[in-house]
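Below is a short briefing for a reader who is new to this structure. Please look through the sequence and the model before reading on.

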Amino acid sequence: MTTTEAAGPTVTDTAAPAAETLTGGHDQGTHGYHKQKDEHLKRLRRIEGQIRGLQRMVDEDVYCIDILTQVSASTKALQSFALQLLEEHLRHCVADAAVKGGDEIDAKVEEATKAIARLLRT
């Protein structure tokens, strides 16, 4: 069984176009999170474990409030990860665009603003 199969069904967010979600509309060069990639993967694996714990709790008919407490912890972990990723994007990608100047800085600021708006909707 693969990791994907073990994680259960995939939930798709229809709010963002698939192509934008996969590529972000830019090149595949080194991104701001690259230096912390191993830390990020470790953190995401912990979050994945929390989600699997939620599945187990439901399977074992655990009390609703206990499950909701775990949902809250998982949500906070994802939000914290997203904020760190956003900070790295601002420090690396937006700062790099600012140095280059021109239309690129406007595009990166708009991209970051849209990302923040998506985070605030959650």
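Which residues form a nonpolar patch on the surface? L41, L44 and L78 do, with about 220 Å² of accessible area together. This is a predicted model: local features need pLDDT of at least 70, side-chain atom pairs count only at pLDDT 80 or more, and totals for chains, interfaces and linings use all residues. Residues are numbered from 1 along each chain as its sequence is written, and side-chain values use heavy atoms, with hydrogens and water left out.

**Overall make-up**
- The protein has five helices and zero strands, where helices (H or I, at least four residues) and strands (E, at least two) are DSSP runs numbered from the N terminus.
- Of the 122 residues in the protein, 18% are buried, meaning under 20% relative accessible area with a 1.4 Å probe and protein chains only.
- The accessible surface comes to about 9,300 Å² (Shrake-Rupley method, 1.4 Å probe), and carbon and sulfur atoms account for 58% of that surface.

**Helix α3**
- Helix α3 covers residues 37-59 and reaches 33 Å from its first C-alpha to its last.
- The buried residues in α3 are H40, R43, I47, G53, L54 and M57.
- These buried residues of α3 pack against α4, a contact being heavy atoms within 4.5 Å.
- After α3 comes D61, whose phi is positive, near 55°.

- L78 lies in helix α4, which spans residues 64-100.
- L78 counts as partly exposed because its relative accessibility is 41%, and partly exposed lies between buried and exposed (over 50%).
- Patch residues have over 30% relative accessible area and no salt bridge, with nonpolar side chains (Val, Leu, Ile, Met, Phe, Trp, Tyr) joined within 5 Å and like charges within 9 Å.
- A salt bridge is a side-chain nitrogen of Lys or Arg within 4 Å of a carboxyl oxygen of Asp or Glu.

Key: The expected span of a helix is 1.5 Å times one less than its number of residues.
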